[in-house]
Amino acid sequence: MPDPVFPTGFPTRPPVRVMIVEDSAVVRRLLAHIVSGDPRLVLAAAVDSAEEALRELPRVKPDVISMDIRLPGMDGLEATRRIMAEQPTPIVVIADSVRDSTFGISMNALKAGALSVVEKPVGIETGGHEQIAETIRTQLYIMSQVPVIRQRGNLAARPRAPHPEPSQRPPQQPAVLAIAASTGGPPALAQVLGALPADYPVPVLLVQHMGAAFMEGFASWLDGLVPLKVGLAQEGELPQPGRVYVAPGDRHLLLSPQGTLRLSSEKPLASQRPSATLLFRSVAIAAGDRALGVLLTGMGEDGAVGLTEMRRAGGYTITEHESTAVVYGMPAAAVRLGGSSLSLPLPAIGPRLAQLGRREART
């Protein structure tokens, strides 16, 4: 049956069906209120446990799930694993403050297949509520459009694309690696950086699109997973080999021509702060043909222009191949613009970067 059509001739999209999984009755009602405030969304079900969510999922068939992590019985991490294995559905994790001890579980839920993490809402009369509510609505709507796959093991088990020969010679002595990701980024970054040795001979500058409140926890989570030392970037730091510098919440991360880190509060670029394009652009100017750039999974086009500028400056750039990207948006845009020296499936990117590092160490 064709979509219903307004008199103007434009087809209408049915509202996105949302399942809320939250054990607190107060927060459950608050989330339901938030969902009802957006005509693009409709509440399909609201349940208080992971077990009930799993029972109801085949009947309700939601388009997207709002998932609490701290649940009685089965927690949200295990629920995410089960859902992604049995009936893959886009999942948005609703997490407590970054200081909460369950934040690491929220990050592991992203590794298990959830698409994004947003702050848990506060009372309607509390300052900041509307901003958090709008973020939740937007994330639920956007993530409902992401095609998800059945998760059985890690990404290495997914079909691999052929490895094309590089169309550009990599630098003999790379000076810096800039890497960026958005939707699906945390597990992808963990896989790429996990393949690099602790003595990797160049510093790594990283942009991940995520709520500002979560960046410290994200850096800490990543630090516990990869051999490199990971922390939030600080203004004026001189980046050191073997360290990963994460753009802090709501600040652009830039590399100055003098080789030090800069944090900028200038306006967002294409609605993003931090911006991957601004990071890549600054690295292109500061490092030229000694720069390495990597653009991973993500919705939208952030980073594509900057990566292209980096390649035009002589830098060596890698994009994640469509065969493994959770969302082939940002990498695809870079490929279209000619900004990719080489496109690789996710499991091959880390080993390739490690090889380039060993190359530098031998010179």
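Student: At what angle do α6 and helix α7 pack, and how far apart are their axes?

Tutor: This is a predicted model, in which local features need pLDDT of at least 70 and side-chain atom pairs count only at pLDDT 80 or more, while totals for chains, interfaces and linings use all residues. Residues are numbered from 1 along each chain as its sequence is written, and side-chain values use heavy atoms, with hydrogens and water left out. Helix α7 (residues 215-223) and α6 pack at an angle of about 35°, their axes being 10 Å apart. Axes here are lines fitted to C-alpha atoms, for helices over the stretch in contact, and angles run from 0 to 180 degrees between N-to-C directions. Helices are DSSP runs of H or I with at least four residues, strands are runs of E with at least two, and both are numbered from the N terminus.

Student: Which residues meet there?

Tutor: From α6 come Pro186, Pro187, Leu189, Ala190 and Leu193, which meet Phe218, Trp221 and Leu222 in α7, where contact means heavy atoms within 4.5 Å.

Student: Is α6 mostly covered or mostly open?

Tutor: Helix α6 (residues 185-194) is mostly covered, since eight of its ten residues are buried, where buried means under 20% relative accessible area, exposed over 50% and partly exposed in between, with a 1.4 Å probe and protein chains only. Among the buried ones are Gly185, Ala188 and Val192.

Student: Changing topic, how many salt bridges are there?

Tutor: The structure holds twelve, a salt bridge being a side-chain nitrogen of Lys or Arg within 4 Å of a carboxyl oxygen of Asp or Glu. One of them joins Asp68 to Lys120, with the closest N and O atoms 2.9 Å apart. That pair links distant parts of the chain, 52 residues apart, with Asp68 in strand β3 (residues 64-68) and Lys120 in the loop between β5 (116-119) and α5 (129-144).

Student: What about Arg137 and Glu134, how far apart are they in helix α5?

Tutor: They are three residues apart, which means that about one helical turn separates them, and their side chains meet in a salt bridge of 3.2 Å, N to O. Arg137 counts as buried at 8% relative accessibility, whereas Glu134, at 36%, counts as partly exposed.
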